[in-house]
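Subject: Structure handover

Hello,

Here is the structure I promised to pass on. Please have a look at it first; my notes follow below.

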Amino acid sequence: MGNPPELYYQLLNITRDTPPQEIRAAYRCLVRQWHPDKHPPSSKSEAEDRFKAITQAYEQENRAVLRARNADEGRRSCARPEERVGGSAAAMARAPERAARTTAPPPPARESQKVYSSTDIGGGGRRAFAEFSSYVVRKAPPLERKVECTLEELCAGCKKEVKYTRDVVTKNGLIAKKEVTQIIRVKPGWKKGTKVTFEGMGNERPGCLPGDAVFTVSARRHKAFKRQGDDLVLKAEVPLVSALTGWSFSFRLLGGEKVSWSFRDEVIRPGYEKVVRGEGMPVVGGKKGARGDLRVKFDVVFPKNLTGEQRRGLVEILRGCA
């Protein structure tokens, strides 16, 4: 069973309507690029498979063109004289000449080179074609890196310049290292795990499409705030005596604004939480200006030891409290 014509077109980087002259030009360019003698031992086997597949595709395309022209000429010869297109003897004599040009053989290799064809190298071109066609559209694995952001950067947004080294395939088929610099525009509200992909800017491999460069956002630990979804959580430790008798404290938001709170007429209980609406992280994809909340969780610190006198005093003070 033959291979589908679409695969031949893909191998030769042509379309169904490509003229014969352009098919020959595409073939010559590809065989120069993938001739096994131009590849190092590490990629020579793959180059041989690709060279054989390209050659077979070119030969099959030429056969298809020749069959189409022969069929066309056969229809002309069977037509009545008045139905023939250009039915003069001169026109008929030129038809074989046109077919010969479309089936011109590939340019001969230099004598110092080994001549490869679609039936060379262990088992014939059909097997090589099958082996190669299985990865003709394969993409190189992604090159993955992390980009670390502070909580302030994820809140306000920023630009991060990232540098990395990628593998590139040279004109000779060798692998070389190339340093690349990209700019990542971090949007306000991005979360840990957000991925930024630069398509085709990862590693290159012979016979493959270039891989992608994928950067995953990581968040640096903050000394005061912890993120939970779009909310910010701040933990505050309160001595027991302050929790019972009144307490004041202040802190700064991620944007730098100072906030001061005083607790005079309320008792701070273990697990007590105060919520400030709209002072959390920006909501990605939400309404303009939408933000999560700031949740301040209070942790009441109890004394580790009490004297007998202190215990008796607490009993008197707290007796009858609800």
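What share of the contacts with a separation of 6 or more comes from residues 24 or more positions apart? The share is 60%. Bear in mind that this is a predicted model.

**Overview**

The protein has 322 residues, and 37% of them count as buried. Its secondary structure comprises eight helices and 11 strands.

**Salt bridges**

Side chains of opposite charge can pair when their charged atoms come close. The whole structure holds 13 salt bridges.

- Arg-205 pairs with Asp-167, with the closest N and O atoms 3.2 Å apart. Arg-205 sits in the loop between E4 and E5 and Asp-167 in strand E2 (residues 158-169), so the pair ties together parts 38 residues apart in sequence. Arg-205 is partly exposed at 33% relative accessibility, whereas Asp-167 is buried at 9%.
- Asp-293 pairs with Arg-277; here the closest N and O atoms are 2.7 Å apart. Both residues lie in the loop between E10 and E11, 16 residues apart. Asp-293 is buried at 15% relative accessibility, but Arg-277 is exposed at 65%. Elsewhere, salt bridges with shared partners join Asp-167, Lys-177 and Arg-205 into one network.
- Glu-153 meets Lys-160 at 3.4 Å, N to O. Glu-153 is partly exposed, at 22% relative accessible area. Lys-160 counts as buried, at 17%.

**Around Asn-203**

Asn-203 is in the loop between strand E4 (195-198) and strand E5 (213-219). Its relative accessible area is 15%, so Asn-203 is buried. A polar atom of its side chain lies 2.8 Å from the backbone nitrogen of Asp-167. Beyond its neighbours within four places in sequence, Asn-203 has contacts that include Ala-140, Leu-143, Thr-165 and Pro-210.

**Cysteines**

How many disulfides does a search of the whole structure find? It finds zero. Take Cys-149: the closest cysteine sulfur, in Cys-158, is 5.0 Å from its own, so the two are too far apart for a bond. Cys-149 is buried, with a relative accessible area of 0%. Cys-208 is buried as well, at 17%.

**A nonpolar patch**

Leu-306, Leu-314, Ile-317 and Leu-318 make a nonpolar surface patch of about 340 Å². Leu-318 belongs to helix H8 (residues 308-318). Leu-318 is partly exposed, with a relative accessible area of 42%.

Best wishes

Methods:
Residues numbered from 1 in each chain as written. Predicted model: local features only at pLDDT ≥ 70, side-chain atom pairs only at ≥ 80, totals over all residues. Heavy atoms only, no water. Patch = residues over 30% accessible without salt bridge, like charges linked within 9 Å, V, L, I, M, F, W, Y side chains within 5 Å. Areas by Shrake-Rupley, 256 points an atom, 1.4 Å probe, with all protein chains shown as cover. Salt bridge = Lys/Arg side-chain N within 4 Å of Asp/Glu carboxyl O. Helix = DSSP H or I, 4+ residues; strand = E, 2+ residues; numbered from the N terminus. Buried < 20%, exposed > 50% of the residue type's maximum accessible area, 1.4 Å probe, protein only. Contact = heavy atoms within 4.5 Å. Disulfide = S-S within 2.5 Å. Polar contact = N/O pair within 3.5 Å; in protein donor to acceptor, adjacent residues only side chain to side chain.
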